[in-house]
Amino acid sequence: TIFNTKELLRKFQMTNQIVTTCDIHGHSRREGAFLYGCRSSIIASNSCKSNKLLSPSPFLFPRILDEQCPFFSLSGCTFKSQNAKAETMRIVMHREFGI
């Protein structure tokens, strides 16, 4: 379940640092693969603020993919947060875990 996954991540973060999550998408209406991500300006919870100091730019992994993978589209990536997407993995991971 989602609850159990989040608990597993909390326990893992006690001894390890998770620096990124990856939500790679592809749609039948769009060519290639792309990512959904969060900008660093989205505020994480107080318990995760220290994680933000060591986290890489949210654009680093997509830039590497864009350089290395001909089917990946950096211009197709989205890094904005919308209220309608507040419960998606990318926003929950950023908000609750600082990832």
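**Close-up 1. The largest nonpolar core of this predicted model comprises 8 residues.** Its members are Ala33, Phe34, Leu35, Leu65, Cys69, Phe72, Cys77 and Phe79, a nonpolar core being a set of buried Ala, Val, Leu, Ile, Met, Phe, Trp, Tyr and Cys residues joined through side-chain atoms within 4.5 Å. Apart from this core lies another, of 5 residues, including Leu9, Ile18, Met93 and Ile99. Buried stands for a relative accessible area under 20%, exposed for over 50%, and partly exposed for what lies in between (1.4 Å probe, protein chains only). As the model is predicted, local features need pLDDT of at least 70 and side-chain atom pairs count only at pLDDT 80 or more, whereas totals for chains, interfaces and linings use all residues. Residues are numbered from 1 along each chain as its sequence is written, and side-chain values use heavy atoms, with hydrogens and water left out.

**Close-up 2. Two cysteines, Cys69 and Cys77, belong to the largest nonpolar core.** Cys69 is buried, with a relative accessible area of 18%, and Cys77 is likewise buried, at 12%. The structure holds 0 disulfides, a disulfide being a pair of cysteine sulfur atoms within 2.5 Å.

**Close-up 3. A network of salt bridges links Lys6, Glu7, Arg10, Arg95 and Glu96.** The structure holds 4 salt bridges, each defined as a side-chain nitrogen of Lys or Arg within 4 Å of a carboxyl oxygen of Asp or Glu. Arg10 pairs with Glu7, their closest N and O atoms lying 3.3 Å apart; because these two residues are 3 apart in helix 1 (residues 2–15), about one helical turn separates them. Helices (H or I, at least four residues) and strands (E, at least two) are DSSP runs, numbered from the N terminus. Arg10 is partly exposed, with a relative accessible area of 34%, and Glu7 is also partly exposed, at 29%. A salt bridge also joins the side chains of Glu96 and Arg10, with an N to O distance of 3.1 Å, and this pair links distant parts of the chain, with Glu96 in helix 4 (residues 89–97) and Arg10 in helix 1, 86 residues apart.

**Close-up 4. Helix 1 and helix 4 cross at roughly 40 degrees.** Their axes, lines fitted to C-alpha atoms over the stretch in contact, with angles running from 0 to 180 degrees between N-to-C directions, come within 12 Å. The two helices are therefore oblique to each other, given that angles under 35 degrees count as roughly parallel, over 145 as roughly antiparallel, 65 to 115 as roughly perpendicular and the rest as oblique. The crossing of helix 1 past helix 4 is right-handed, that is, the near helix is turned clockwise from the far one by less than a right angle, anticlockwise being left-handed.

**Close-up 5. Helix 4 is followed by Gly98.** The buried residues of this helix are Arg90, Ile91, Val92, Met93, His94 and Phe97. Gly98, in the segment after helix 4, has a positive phi, near 70 degrees, and counts as buried at 2% relative accessibility. The C-alpha atoms of Gly98 and Ile18 are separated by 8.9 Å, although the two residues are 80 apart along the chain.
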